[in-house]
Amino acid sequence: SAVDPAAPDGGGGVAASASQSLSFPALTDLTLSNNFITTSGAKILCAALEFNTVLTSLNLRGNEMGLEGMKLIERVCRRTCGTVKGRDVDVRDNETEEERKEEERQKKERRDRRRRKNLESS
């Protein structure tokens, strides 16, 4: 279930609930896509992933944990024996609004440089 993105915990409630679920020995597949999980929520999940040895699939696509949160999740999954090990971890589309704006700004700058270069060489 989705949470209100304006909630003060920024998706931390979903992450906290999920971290409790990770203690269930039969849980092998966890999907938390599009739940507004932020970097702080990713940190909560990481703490739980440290102790989970049966999870084989983790879908966190479309949250808002940013590059920092994505790196944290990937790092703990690579490091922890038996925990996903990067086999089926989806953290795509997790950029924050600021990161998306910065990426657009950089694309525009590259496009403008190419145009100037083309004009100079004509």
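**Entry 1: getting oriented**

Where is the place of glutamate 74? I looked it up, and glutamate 74 sits in helix α3. Before going on, I noted that this is a predicted model, in which local features need pLDDT of at least 70 and side-chain atom pairs count only at pLDDT 80 or more, while totals for chains, interfaces and linings use all residues. I also noted that residues are numbered from 1 along each chain as its sequence is written, and that side-chain values use heavy atoms, with hydrogens and water left out.

I then listed the elements: the protein has four helices and three strands. Here helices (H or I, at least four residues) and strands (E, at least two) are DSSP runs, numbered from the N terminus. Starting at the N terminus, I read the order as α-β-α-β-α-β-α.

Next I looked at burial, where buried means under 20% relative accessible area, exposed over 50%, and partly exposed in between (1.4 Å probe, protein chains only). Of the 122 residues of the protein, 34% count as buried. Glutamate 74 is partly exposed, because its relative accessible area is 34%.

**Entry 2: two helices side by side**

How do the axes of α2 and α3 cross? For α2 (residues 39-49) and α3, I found axes that come within 8 Å and cross at roughly 5°. The axes are lines fitted to C-alpha atoms, for helices over the stretch in contact, and angles run from 0 to 180 degrees between N-to-C directions. Angles under 35 degrees count as roughly parallel, over 145 as roughly antiparallel, 65 to 115 as roughly perpendicular and the rest as oblique. α2 and α3 are therefore roughly parallel to each other.

I wrote down who meets whom, with contact meaning heavy atoms within 4.5 Å. From α2 come Thr39, Ala42, Lys43, Leu45, Cys46 and Leu49, and they meet Glu68, Gly69, Leu72, Ile73, Val76 and Cys77 in α3. I sorted the residues of this contact into eight nonpolar, two polar and two charged. For that sorting, Ala, Val, Leu, Ile, Met, Phe, Trp, Tyr, Cys and Pro count as nonpolar, Asp, Glu, Lys and Arg as charged, and the others, Gly among them, as polar.

**Entry 3: the core**

A nonpolar core is a set of buried Ala, Val, Leu, Ile, Met, Phe, Trp, Tyr and Cys residues joined through side-chain atoms within 4.5 Å. The largest one here has 22 residues, and Leu60 and Ile73 have the most contacts inside it. α1, α2 and α3 each supply at least two residues of this core, and α2 gives the most, with five.

Then I turned to alanine 15, which is in helix α1 (residues 12-21). Alanine 15 is buried, because its relative accessible area is 0%. Not counting residues up to four places away in sequence, alanine 15 touches Ile37, Gly41, Ile44 and Leu45.

**Entry 4: an asparagine in a loop**

Is asparagine 63 buried or exposed? I found asparagine 63 in the loop between β2 (57-59) and α3 (66-79), and it counts as buried because its relative accessible area is 2%.

Its side chain has polar contacts, which are pairs of N or O atoms within 3.5 Å; within protein, one must be able to donate a hydrogen and the other to accept it, and residues adjacent in sequence count only if both atoms are side-chain atoms. A polar atom of the asparagine 63 side chain lies 2.9 Å from the backbone oxygen of leucine 32. The backbone nitrogen of phenylalanine 36 lies 3.0 Å from a polar atom of that side chain. Among the residues that asparagine 63 touches are Asn34 and Asp93.

I looked at those two as well. Asparagine 34 lies in the loop between β1 and α2 and has a positive phi of about 55° although it is not a glycine. Aspartate 93 is in the loop between β3 (89-90) and α4 (97-121), and its phi, near 55°, is also positive in a residue other than glycine.
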